Amino acid sequence: MHLLVPGPAVDDRALEDLYAYPSDLTAPFVQVNFVASADGAATVSGRSRGLSSPADKKVFALGRDLADVVLVGAGTALAEGYQGVRRTELRAERRARLGLSDVPPIAVVTGRGSVPPSSPLVAGVAAPTIVITSEASPLEWRKELVEAGADVVVAGGNRVDVTLAVAALGERGLLRVCCEGGPMLFGDLLAAGLTDQLCLTVSPKLAGAGAVRIAAGLPTEVPMDLTLESVLADEGFLMLRYRRAASDE
């Protein structure tokens, strides 16, 4: 056991090195980003913003900067007001230096077709949105999405099969996967054994009973072992980075 003591400040380049994806990827590497209260709540009043901080937002933005694709559930995307990833000066410089596209596309998961083709998630985005859905979604809706410029992936019958979904991202050369939730999607990824890294910010707040945890839905038969790779602290917030233990791969 070690006592966490204040250390030197971490600059942007050091953060980039700390959170870099493995360099030798041949298959999708799924990183999941969440913020939670000290008592485990993933949201306050249905949204995560009440738990965040400037340092957490910086790490969140970095996750997008380093990724090939941002994966998110439709419920979270609509509740949080998602649009396409925006181009910023820092993001453009960083991604150009790393040999990545200008901005990563959003890959939104919706089993039944809850994302309208006119949504800011689809319309007017810098990189075409990938909509991952199931065969149960309306065919006409899928056609309208394609006409609106989306890349539609059918992955599963009655519901989205995340194994097929992640494989489809890999087939598109999108190996650095940054998943931003929500809890149902994270639960599905865990149940399928498709989580390689968890970036968890612990907020110095107590939300009380009733709030959802960061993982929900399908149960996981065996807990996944993790190794703690890094800890950052800022104004009472802890930014934890866990990686899947080698023994669990």
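Which strands does helix 6 lie across, and at about what angle does helix 6 run to strand 4?

## Helix 6 and the model

Helix 6 (residues 162–171) lies across strand 1, strand 2, strand 3, strand 4 (130–133), strand 5 and strand 6, and its direction runs at about 150° to strand 4. Such angles run from 0 to 180 degrees between N-to-C directions, with axes taken as lines fitted to C-alpha atoms, for helices over the stretch in contact. Helices (H or I, at least four residues) and strands (E, at least two) are DSSP runs, numbered from the N terminus.

This is a predicted model, in which local features need pLDDT of at least 70 and side-chain atom pairs count only at pLDDT 80 or more, while totals for chains, interfaces and linings use all residues. Residues are numbered from 1 along each chain as its sequence is written, and side-chain values use heavy atoms, with hydrogens and water left out.

The strands form an open sheet of 9 strands with mixed pairing, in the order 5-4-3-2-6-1-7-9-8; two strands pair if DSSP finds at least two bridges between them. At the edges stand strand 5 (151–154) and strand 8 (226–234), each of which pairs on one side only. From one strand to the next, the twist averages 20°.

Strands of a sheet pair through backbone hydrogen bonds, either parallel or antiparallel. Strand 2 (residues 69–73) and strand 3 (residues 106–109) pair in the parallel sense over 4 bridges, and within this pair Gly 73 stands opposite Val 109 of strand 3. Helix 2 packs on the sheet, where it touches strand 1 (29–37), strand 2, strand 3, strand 6 (176–179), strand 7 (197–203), strand 8 and strand 9 (237–244), contact meaning heavy atoms within 4.5 Å. The direction of helix 2 makes about 165° with that of strand 1.

In one of them, Glu 16 meets Arg 94 at 2.9 Å, N to O. Glu 16 lies in helix 1 (residues 12–18) and Arg 94 in helix 4 (residues 89–97), so this pair ties together parts that are 78 residues apart in sequence. Glu 16 also meets Arg 97 in a salt bridge at 2.6 Å, N to O; because Arg 97 lies in helix 4 and Glu 16 in helix 1, that pair ties together parts 81 residues apart in sequence.

Asp 65 and Arg 94 form a further salt bridge at 2.6 Å, N to O, and since Asp 65 lies in helix 2 (residues 54–66) and Arg 94 in helix 4, the parts tied together are 29 residues apart in sequence. Salt bridges that share partners join Glu 16, Asp 65, Arg 91, Glu 93, Arg 94 and Arg 97 into one network.

Buried means under 20% relative accessible area, exposed over 50%, and partly exposed in between (1.4 Å probe, protein chains only). Glu 16 is buried at 5%, Arg 94 is buried at 5% and Asp 65 is buried at 3%, whereas Arg 97 is partly exposed at 34%. In helix 4, Arg 91, Ala 92, Arg 94 and Arg 95 are buried, and the buried residues of this helix pack against helix 1 and helix 2.

Technical notes:
Salt bridge = Lys/Arg side-chain N within 4 Å of Asp/Glu carboxyl O.
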